[in-house]
Amino acid sequence: MAYAFDTKWNFPAHTKAHQVAATFGYPRPAVITVDVAHWWNLPYLAGSYNFTNDFFMGQPPTGSSAHYVVTHDRVSCGVAEVDASHANGNAWANANTVTWELDPRLANREEVIETFCDALSDAWINRGLSAPGTLRWHNQFYATMCPGDFQPLIPYMQLRAAELFWAKKNQPTTPITGGFIESEAVQTVIESIDMENIMAIFA
């Protein structure tokens, strides 16, 4: 683990596991397999890592939260995975997923992405998954521009996190049946991504 794991936060806006079904209409799964990427604001408006954690700690509560907040060298956990965060604007997604707020600032963007992939692979392993989980993004569930310019990188981040997952499990090759490739359509998207030009934006 190449990042600091910050557990001092406890975001008040969340729903305890035993209350999830009554609140959202869906029970909290015993094992979460779907993660959702967010960004915490437009890059030129975004506050710092501490500002974002403080925002979720707001008194009175802001009404929103995420399980994790990610910057280039740190990851905070403000809501336990067993509970539901208030992040997605969608009942099913709140009940069934783990949410990640990514640092949208352009400085250290490549490091933010790598730290996120590292932490995501750790989360999959800690959940006891036998194959990588599935990475989704906020505007799949709610009409928003979030996660902004992270969205075209979702297939890359899915594959990078899966690569780290298998490496940490000491498997020399990724099984063809790995859970991160769901269909031929997803494979086509992955193959079509122009990573060189996308990453040049962050240079």
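What percentage of the 203 residues in the protein do buried residues make up? Buried residues make up 49% of them, where buried means under 20% relative accessible area, exposed means over 50%, and partly exposed lies in between (1.4 Å probe, protein chains only).

## Basis of the model

This is a predicted model, in which local features need pLDDT of at least 70 and side-chain atom pairs count only at pLDDT 80 or more, while totals for chains, interfaces and linings use all residues. Residues are numbered from 1 along each chain as its sequence is written, and side-chain values use heavy atoms, with hydrogens and water left out.

## Overall make-up

The protein has seven helices and eight strands; these are DSSP runs numbered from the N terminus, with helices (H or I) of at least four residues and strands (E) of at least two. Of the contacts with a separation of 6 or more, 75% are between residues 24 or more positions apart. A contact means heavy atoms within 4.5 Å.

## Aromatic rings

The structure holds eight aromatic pairs. Rings of Phe, Tyr and Trp (its six-membered ring) pair if their centres lie within 6.5 Å; planes under 30 degrees apart count as stacked, over 60 as edge-to-face and the rest as tilted. One of the eight pairs joins tryptophan 92 and phenylalanine 141, which are stacked at 6.0 Å centre to centre with 25° between the planes. The two lie 49 residues apart, tryptophan 92 in helix H3 (residues 91-96) and phenylalanine 141 in the loop between strand E8 (134-137) and helix H5 (154-168), and the pair links distant parts of the chain. Tryptophan 92 is partly exposed because its relative accessibility is 34%, whereas phenylalanine 141 is buried because its relative accessible area is 19%.

Phe5, Tyr68, Trp100 and Phe116 form one aromatic cluster. Elsewhere, the charged end of arginine 109 sits over the ring of phenylalanine 150, 4.3 Å from its centre. For such a case, NZ of Lys or CZ of Arg must be within 6 Å of the ring centre and within 35 degrees of the ring normal.

The contacts listed here leave out residues up to four places away in sequence. Threonine 97 is found in strand E7 (residues 97-102) and counts as buried because its relative accessible area is 1%. Threonine 97 touches Arg28, Ile32, Val34, Val36, His67, Asn88 and Trp92. Tyrosine 26, in the loop between helix H1 (20-24) and strand E3 (34-39), also has Trp92 among its contacts, along with Val20, Ala21, Ala91, Ala95 and Asn96. With 36% relative accessibility, tyrosine 26 is partly exposed.

Threonine 71 lies in the loop between strand E4 (68-70) and strand E5 (74-77). Its relative accessibility is 1%, so threonine 71 counts as buried. Threonine 71 touches Tyr49, Asp103, Arg105, Val112 and Thr115.

## The largest pocket

The largest pocket is lined by 20 residues, and Trp39, Trp40, Asn41, Phe55 and Glu101 lie nearest its centre. On a 1 Å grid over the protein atoms alone, a pocket is an open set of points where a 1.4 Å probe fits, with protein on both sides within 12 Å along at least five of seven lines; lining residues have an atom within 4 Å of a point. E3 and helix H2 (49-56) are the elements that give two or more residues to this lining, and H2 gives the most, with four.
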